[in-house]
Amino acid sequence: MATIVIAEPDFANASIMQATLEGEGHTVQTAQDGYEALSMCEKLMPDMVLLAVNLSVMTGPEVSEALRNDPDFPAELPIILLHSEAVDQRVVERCGATETMEKGVDTHRMRERVVALLGPAAGAG
């Protein structure tokens with residue numbers, strides 16, 4: 001199974017996402033702000049990263065861009081930006097995010113995207 005970092009300032013949303021993905025057998029760590037998320041990624045070298053756009057200290061797009069510019073992270077690392085309002089596609093392209101997902105924690109859709117981005121073995125839990 002995969003190691004996944006979730007950076008979401010809303011504790012309830014982060015808890016639901018964490019429980020859902022851990023229920024699928026993944027190892028999940030959560031961060032409250034962008035700096036914490038980046039530090040966590042550097043330590044854990046995760047298989048996937050979910051970043052809220054509205055993180056403090058560093059925004060989700062800023063963390064994504066930092067990960068993309070760091071040669072220690074593979075270019076194919078899946079990075080999903082979580083948003084509650086529309087995100088400018090130019091921002092997504094500039095920061096190198098793989099895709100975006102609307103907040104509100106549609107756990108079924110989140111599981112589908114994890115499997116799609118990490119492969120069928122990611123949903124075997």
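I count two strands as paired when DSSP finds at least two bridges between them. My helices (H or I, at least four residues) and strands (E, at least two) are DSSP runs, numbered from the N terminus.

**Ground rules.** I'm working with a predicted model, where local features need pLDDT of at least 70 and side-chain atom pairs count only at pLDDT 80 or more, while totals for chains, interfaces and linings use all residues. Residues are numbered from 1 along each chain as its sequence is written, and side-chain values use heavy atoms, with hydrogens and water left out.

**Overall layout.** I looked up the elements and got five helices and five strands. Following the sequence, I read the pattern β-α-β-α-β-α-β-α-β-α. The C-alpha trace spans about 35 × 30 × 25 Å along its principal axes. I also checked the radius of gyration: a compact globule of 125 residues would have one near 14 Å, and the 13 Å here agrees with that. (This radius is taken over C-alpha atoms, and the globule rule is 2.2 Å times the number of residues to the power 0.38.)

**The sheet.** In what order do the five strands of the open sheet stand? I find β2-β1-β3-β4-β5, with parallel pairing. β2 (27-31) and β5 (99-102) are at the edges with a single partner strand each, so one side of each has no neighbour in the sheet. Neighbouring strands are turned by 20 degrees against each other on average, direction ignored. (Axes are lines fitted to C-alpha atoms, for helices over the stretch in contact; angles run from 0 to 180 degrees between N-to-C directions.)

**Zooming in on β1.** Strand β1 covers residues 3-7 and pairs with β2 in the parallel sense over five bridges. Across from I4 I see V28 of β2, and I6 has T30 of β2 opposite. Four of the five β1 residues are buried, so I call the strand mostly covered. (Buried is under 20% relative accessible area, exposed over 50%, partly exposed in between, with a 1.4 Å probe and protein chains only.) For the protein of 125 residues, 43% count as buried.

Contact here means heavy atoms within 4.5 Å. Helix α1 (residues 11-23) packs on the sheet and touches β1, β2, β3 (48-52) and β4 (79-83); its direction makes about 170 degrees with that of β2. Helix α5 (residues 107-118) lies across β1, β3, β4 and β5, at about 165 degrees to β5.

**The cores.** A nonpolar core is a set of buried Ala, Val, Leu, Ile, Met, Phe, Trp, Tyr and Cys residues joined through side-chain atoms within 4.5 Å. Which residues touch the most other members of the largest one? I note V49, L51 and L67, out of 21 residues. At least two residues each come from β1, α2 (34-44), β3, α3 (60-69), β4 and α4 (89-95). α2 gives the most, four residues. Leaving out residues up to four places away in sequence, V49 touches V5, C41, L67, L77, P78, I79 and I80. Apart from this core I found another, of 13 residues, including A2, M48, L82 and V114.

Where does M45 sit? I place M45 in the loop between α2 and β3. M45 counts as partly exposed because its relative accessibility is 37%. With residues up to four places away in sequence left out, M45 touches M40, D72 and F73. I also looked at M45 and I4: 41 residues apart along the chain, their C-alpha atoms are separated by 9.0 Å.
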